[in-house]
Structure formats: C-alpha cells, structure tokens
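Work through the exercises below with the sequence and the structure at hand. Try each task before reading its solution.

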Amino acid sequence: MAETPVRIIATGLFTPPNSISNEELVESFNAYVAKFNEENAAAIEAGEIEPLQPSSAEFIEKASGIKARFCLNKEGVLDIEKMRPDLPERPNEELSVMAEIAVLAAREAMKSADLKAEDIDAVVCAASNMQRAYPAMAVEVQSALGIDGFAFDMNVACASAAFGIEAGAGLIRNGTARRVLMVNPEICTGHLNFRDRDSHFIFGDVATAVILERADGEPAGEAYDILDTKMKTVFSNNIRNNSGFLNRCAPEGIGRKDKLFVQEGRKVFKDVVPMVGAMIAEQIAANGLEAGQLRRMWLHQANLNMNVMIAKKVLGRDATLDDAPVVLDRYANTSSAGSIIAFHLHREEVKPGDYGVICGFGAGYSAGSILVKRAA
C-alpha cells in the first residue's frame, strides 16, 4: 500500500514588538560588568576571582552574525539589576504567555489557508522550553483556538519543529488525523544568561506555526509536498540547560549558571556541522536527487558560520543567501522556530516543482531534515 502523502499548506509567524540591538545589549552588559568589578575590587585584586570582561557589538556580530533580537520584554533584559525578561506570572484562569504567542502564529497560518477550528484535528506544540510541566501547552493552545480532537507537547531542543512536522505527518499517514497544526512558541530569553559574555547575545523570542494536511488532489493554494523526513539524535552535554521541576527545587541549585543555557560553542560547531551536512546530503541522494537540484535550504538559525559551512558541505560550493536565506541577523537564534521563520519569509522565489530542505539542529544533539517539493 502506498504511503499517504502529506503536504505543508500554511505557516504563521508572531514577531514580538520589542527589538534589542547589539549596541543596546552591550551597553547594558558592560554596565553590569563595571558594577560587578567595582563591587568585587578587593577580591579581584587578591586574585580570589577573575574580573569580568566587557563585550562589543563587533564581537557579537563576528561570533554569530546576529545584529538584533526580538523579545517579549525589553526593559527587564536591559535592567542590570534584573537582566532577565519581566513576565509576571498569570492566574491559571488566564491564557499563559507561551500559549498566547502560539495562538497568534496559529491564527495567521489558519487565515492564510482559509481554515477554521473545525478543520483541524490535532495540535502539536514543539519547543525547546515549555512554560510548565503540565497541563500540556498544546492542550491550552487547542482550547484557546476552539479545536476539537487532541494535542500534545514535544521537546527536541532546536530541532523540535522538524521533529514536530514529522510527528504531525505521522498522525496523518496513519489515519489518526487529516489535518494537524504544529506550533513553536519560543520564549528563549527566559532561559538565557544575560550575565554571560559568551552567550548573552544568542537568543530571541518568537512563535511560528505550520499546518499539515493529507494531500488529496490538487492543493487549493501554495503547498509543499513532504517527500522525505530524516531524524537523528546523538547524546552530548555540549549544549545543556539543567533547569527542571526536580533540580530547581534543590537549595544548592538556586543561582547556578547551569540552570540557564550553557554550551561549549567550539565543540558544538565541530560536532554538528559535519553531522548535519552529511545527513542532508545522504537524504537528497537517497531520494534520487543531486545537490544542484535543491532550490533552497531553510536552515536552523543558530550561527551564521555554521549555516555557511553546512550549506557548503551539501552543495559542494560556497552558498549564497538565495541558497540558504538568513534571518539570524534580525531575529537571532529562536531555537526550533528559526528554520520555520526562514521558510515563512523566504519562499517567494520557489516555483512549482522546485525542491527544498527545512532543517533544524541543536542540543541533544538533535537534527531533523524535511525534504519538500513545491506542489502549487
């Protein structure tokens, strides 16, 4: 029996209204550094602790390609007494902030596909950091949108969207659902250590949505047939966040750096670039395609140098922004949502019959690649 075909018929994007430039972030960070060094001058002079080093906008852009990032709360992040987003806890009766931004992205996707709540059978919320352990964020999104059926959460770090597309496609292939909404609400600033010079600039906030459906006949509008999916995970401690409902309760865990995002960037680069490059190359070859037939790669937006190297490994030549578009400069790293933002904003030149790859990769290590073909 032939496998049930599945296609992507719509995407949605919610972008927060607040943006922080590198210059603004550096001004805040350097003010914190000066305050810390002044308050700890005696200990620094005695050699008991190392002085903190200031940063610069030039360092950030050279290291990452990032120029700015969107965030849900700007004031708290730039306040050197807080240096974290100020997002007050909401009563249980109110829609949570993570569900709220997912709903905004979902409604845009539903509107573009001319779909109502009754047209969707399931909701998958795929993101790096859930706001709570339970109830599932996806169920709250489902309720807010008035969707019948079922919903569930999943977390595969920055590859969550790719894995979420595969999960949704699987539900459609096995007949459990005809149409699936997959959302990626990423409030990355909530788990970022804004006091760490090597990582305080990395993440931004955003939410994306993707609608998948059973491919019966000709699509009503723009659609992308999913030709193949390839997933891979390899355990590594080189990107880690130890915050959780168990270790967060331990007194010795309070204030520890590893309860926020930490990584060994050079090791991540060395490990992930060849793994992802090989995965995409193997996928297109297994589907009878050559690299030159790829019209576009919508890659995870973590680091510009990583994307340049991965695209070069796949294509066998230097890649252009037309080959692999970048949104990293404006959005920074938005975890699982990054590849979907790139797909949402940069697919206008892709014509019917063109091939492309949506690929996410990150902590775990985890990587997921979705081979698509423009259907209409």
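Predicted model: local features only at pLDDT ≥ 70, side-chain atom pairs only at ≥ 80, totals over all residues.

**Exercise 1.** Describe how helix α5 packs against helix α6.

Solution. 
- Step 1: Locate the helices. Helix α5 spans residues 97–112 and helix α6 spans residues 137–145.
- Step 2: Compare the axes. They come within 9 Å and cross at roughly 55°.
- Step 3: Find the hand. The crossing in which α5 passes α6 is right-handed.
- Step 4: List the contact. From α5 come Met98, Ala99, Ala102, Val103, Ala106, Arg107 and Met110, and they meet Met137, Glu140, Val141, Ala144 and Leu145 of α6.
- Step 5: Sort the residues by class. The contact of α5 with α6 holds 10 nonpolar and 2 charged residues, with no polar ones.

**Exercise 2.** Describe the packing of helix α1 and helix α3.

Solution. 
- Step 1: Helix α1 covers residues 22–39, and helix α3 covers residues 57–64.
- Step 2: The two axes come within 9 Å and cross at roughly 120°. At this angle α1 is oblique to α3.
- Step 3: The crossing of α1 past α3 is right-handed.
- Step 4: In α1, the residues in contact are Asn22, Glu23 and Val26; their partners in α3 are Ala57, Ile60 and Glu61.
- Step 5: By class, this contact of α1 with α3 has 3 nonpolar, 1 polar and 2 charged residues.

**Exercise 3.** At what angle do helix α8 and helix α9 pack, and which residues meet?

Solution. 
- Step 1: Helix α8 (residues 265–286) and helix α9 (residues 304–315) pack at about 35°, and their axes are 9 Å apart.
- Step 2: α8 and α9 form a right-handed crossing.
- Step 3: On the α8 side the contact includes Phe269, Val272, Val273 and Pro274, along with Val276, Gly277, Ile280 and Ile284. On the α9 side are Asn305, Met306, Met309, Ile310, Lys313 and Val314.
- Step 4: The contact of α8 with α9 divides into 11 nonpolar, 2 polar and 1 charged residues.

**Exercise 4.** What lines the second largest pocket?

Solution. 
- Step 1: The second largest pocket holds about 300 Å³ of space.
- Step 2: It is lined by 17 residues, of which Ile9, Ala113, Ala220, Gly221 and Glu222 are the closest to its centre.
- Step 3: Strands β1 (6–14) and β7 (205–214) each give at least two residues to this lining. The largest share, 4 residues, comes from β1.
- Step 4: By class, the lining of the second largest pocket has 6 nonpolar, 3 polar and 8 charged residues.

**Exercise 5.** Where do the cis peptide bonds from Tyr134 to Pro135 and from Gly364 to Tyr365 lie, and where is Ala157, with its positive phi?

Solution. 
- Step 1: Recall the background. Most peptide bonds are trans, and most residues other than glycine have a negative phi.
- Step 2: Take the bond from Tyr134 to Pro135. Its omega is near 0°, and Pro135 sits in the loop between β4 (122–126) and α6.
- Step 3: Take the bond from Gly364 to Tyr365. Here omega is near -10°; Tyr365 belongs to the loop between β12 (355–362) and β13 (366–374).
- Step 4: Take Ala157. Its phi is about 55°, although Ala157 is not a glycine. Ala157 lies in the loop between β5 (150–154) and α7 (160–173).

Technical notes. Residues numbered from 1 in each chain as written. Heavy atoms only, no water. Axes fitted to C-alpha atoms, helices over the stretch in contact; angles between N-to-C directions. Left-handed = near helix turned anticlockwise from the far one by under 90°. Contact = heavy atoms within 4.5 Å. Nonpolar A, V, L, I, M, F, W, Y, C, P; charged D, E, K, R; others polar. 1 Å grid on protein atoms, 1.4 Å probe; cavity = no way out; pocket = protein on both sides within 12 Å on 5 of 7 lines; lining within 4 Å. Points joined across faces, edges and corners; volume = space filled by probe spheres on them. Parallel < 35°, antiparallel > 145°, perpendicular 65-115°, else oblique.
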